[in-house]
Amino acid sequence: SEAPAADVRVDAAGRCLIPGFVDSHSHIVFAGDRSREFGDRMSGRPYEAGGIRTTVAATRAASDSDLLGNATRLLREARAQGTTTLEAKSGYGLSVADEQRCLRAAGRLTDETTFLGAHVVPPEYDGDPDGYVDLVAGAMLEACAPHARWIDVFCERGAFDEHQARRVLRAGRGRGLM
């Protein structure tokens with residue numbers, strides 16, 4: 001009774017109108033399945049980012065068409081459940097070409113794309129995480145920035161430390177990513 005007058009009044013006939021869900025953290029461009037890892041976590045095994053590598057291998061092996069098709073299916077499902085805005089992160093390619101193609105696919109589905117090249121250190125950089133950070137903050141960022149609006153880093157044990165995360169985020173900000 002004390003609400004201000006509205007510009008438009010709608011009779012919802014006893015129904016309720018609620019705002020749509022904004023999904024600010026999704027990874028819809030990927031291939032593979034991590035159900036075993038999910039079962040392990042539900043059994044109490046700690047998560048240390050190892051399952052990401054399983055998805056990276058499957059994503060690298062998938063065709064662009066398969067990646068886009070799966071992402072489109074997931075986006076339709078999210079919309080059917082009430083998601084109105086969806087942010088899509090990369091992070092399952094972890095090479096210059098694969099991160100770029102994942103962001104291109106994501107950009108066909110949403111304007112809210114995030115470059116997450118620093119998700120985990122890929123197998124080819126085992127023992128050289130700083131070398132991988134050089135790639136992410138350099139050539140990978142250069143190739144991916146035109147296809148992303150945001151930048152993110154997985155800063156956690158098994159992924160990247162604070163120093164590495166800051167380096168990637170500063171480089172991204174320098175390229176105009178938020």
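Modeller: A crossing of two helices is called right-handed if the near helix is turned clockwise from the far one by less than a right angle, and left-handed if anticlockwise. The model is predicted, so local features need pLDDT of at least 70 and side-chain atom pairs count only at pLDDT 80 or more, while totals for chains, interfaces and linings use all residues. Residues are numbered from 1 along each chain as its sequence is written, and side-chain values use heavy atoms, without hydrogens and water.

Let us take helix 5, residues 129–144, where helices are DSSP runs (H or I, at least four residues; strands are E, at least two) numbered from the N terminus. Helix 4 and helix 5 pack at an angle of about 40°, their axes being 9 Å apart; axes are lines fitted to C-alpha atoms over the stretch in contact, and angles between N-to-C directions run from 0 to 180 degrees. The two helices are therefore oblique to each other, since angles under 35 degrees count as roughly parallel, over 145 as roughly antiparallel, 65 to 115 as roughly perpendicular and the rest as oblique. Helix 4 and helix 5 cross in the right-handed sense. Val96, Glu99, Gln100 and Leu103 of helix 4 are in contact (heavy atoms within 4.5 Å) with Leu135, Ala139, Met140, Ala143 and Cys144 of helix 5.

Helix 5 also packs with helix 6, residues 162–174, at an angle of about 10° and with the axes 10 Å apart, which makes helix 5 roughly parallel to helix 6. On the helix 5 side the contact includes Pro129, Val133, Asp134 and Leu141, and on the helix 6 side it includes Gln164, Arg167 and Ala171.

Two residues of this contact, Asp134 and Arg167, also form a salt bridge, the closest N and O atoms being 2.7 Å apart; the term means a side-chain nitrogen of Lys or Arg within 4 Å of a carboxyl oxygen of Asp or Glu. Because Arg167 lies in helix 6 and Asp134 in helix 5, the pair ties together parts that are 33 residues apart in sequence. Arg167 is partly exposed at a relative accessible area of 33%, and Asp134 is partly exposed at 42%, where buried means under 20%, exposed over 50% and partly exposed in between (1.4 Å probe, protein chains only).
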